[in-house]
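Morning, everyone. Please take a look.

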Amino acid sequence: ISFSQFTEYPVTLENCSYITFDNLSAKYFRNGFLNGIGNHITVSNCCLSGLGGNAAVSLIGDYNTIKGCLLHDLAAKGITVRAGDVATQTFGNTTVIDNIIYEWQQIYTVYNAAIDINGYGILVSHNEMHDSPHVAVEVSGGQCVIEYNLIYNCCRESSDCGAVHTLGYFTWYDNVYRYNVMHDVKDLVHEPGWGNGVYFDCWGRFWSAYGNLFYNIAGTALCGASGYMDLHDNICVNVGGPINIVYWGTKEMPDFYDNESWMKNDIRLYDYHSQLWRYTSSRTLLFAEVGNSRFQTGGHAPVEQRMQIAQRHAT
């Protein structure tokens, strides 16, 4: 039996750069190990276990790296990173690679992922994650890549979730999930439509998933509960349903969001009429203007009006 009096993060960083933590072992803290803000921070070859708090490692900044670490027996999250800028579409170039994470979410059992990424231009690659009551990877951002990961025995005490779960805004788009292996993902309820392999949840746009192997998935291997998703060349073996598509509405924008709140809280936060957004995110701009036309007309915009908007952007 171990008792800890250490209630704070043992390491905190504020606006630091070019610091490396290598080959360290930390355990039995009431909080996590590292809470930092800065760029070019590296955490490598560390063993972190028996930690409380929100996350074992939490980093905000660009060009940060967490690699080759072993994390296990954690109260909540394993690794959480925030990098890049959606507004300016600046890549964060932060990487989470070659880590092994297991038995997280031991106290805070939902929506505390092994790897939680938030921002723009983040890479999660070659990690192994297993044994948890809920999600393994949470993605909140755009232009992120989740690849070559091994994920298994997750979501074992929950449902209506995904081992890889995406929940974001309409401006979080063009994320990629590829070349991963996922197996033995549980589903406490095991009802059709819960999508507990990869769950593209509400608001997601323009995700792609290809080249993945899914087997022994209790619910579904892929669940598109969003829009404009590209799912191809995946292998699904012994799954409840290879692809399950849940769409909340009959038009191109779900009725659930047929109000101005998503516009005010999401797209309107950014200068989506700027030249940058028109060049890189024309689909998002089109989606926003179609939505605006529906608000102005008190419902679904007439087909002629939507076609005029689409033609204007096409030219």
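Asp 131 counts as buried because its relative accessibility is 16%; buried means under 20% relative accessible area, exposed over 50%, partly exposed in between, with a 1.4 Å probe and protein chains only. This is a predicted model: local features need pLDDT of at least 70, side-chain atom pairs count only at pLDDT 80 or more, and totals for chains, interfaces and linings use all residues. Residues are numbered from 1 along each chain as its sequence is written, and side-chain values use heavy atoms, with hydrogens and water left out.

What does Asp 131 form with Arg 156? A salt bridge, with the closest N and O atoms 3.2 Å apart. The term means a side-chain nitrogen of Lys or Arg within 4 Å of a carboxyl oxygen of Asp or Glu. Asp 131 sits in the loop between β13 and β14, and Arg 156 in the loop between β16 and β17, 25 residues apart. Strands here are DSSP runs of E, at least two residues, numbered from the N terminus.

Arg 156 also meets Glu 103 in a salt bridge, 3.2 Å from N to O. Glu 103 lies in the loop between β10 and β11, so this pair ties together parts 53 residues apart in sequence. Arg 156, at 29% relative accessibility, counts as partly exposed. So does Glu 103, at 23%.

Next, another pair. Lys 77 and Asp 116 meet in a salt bridge at 2.6 Å, N to O. Lys 77 is in strand β8, Asp 116 in strand β11, 39 residues apart. Both are buried.

Key:
Helix = DSSP H or I, 4+ residues; strand = E, 2+ residues; numbered from the N terminus.
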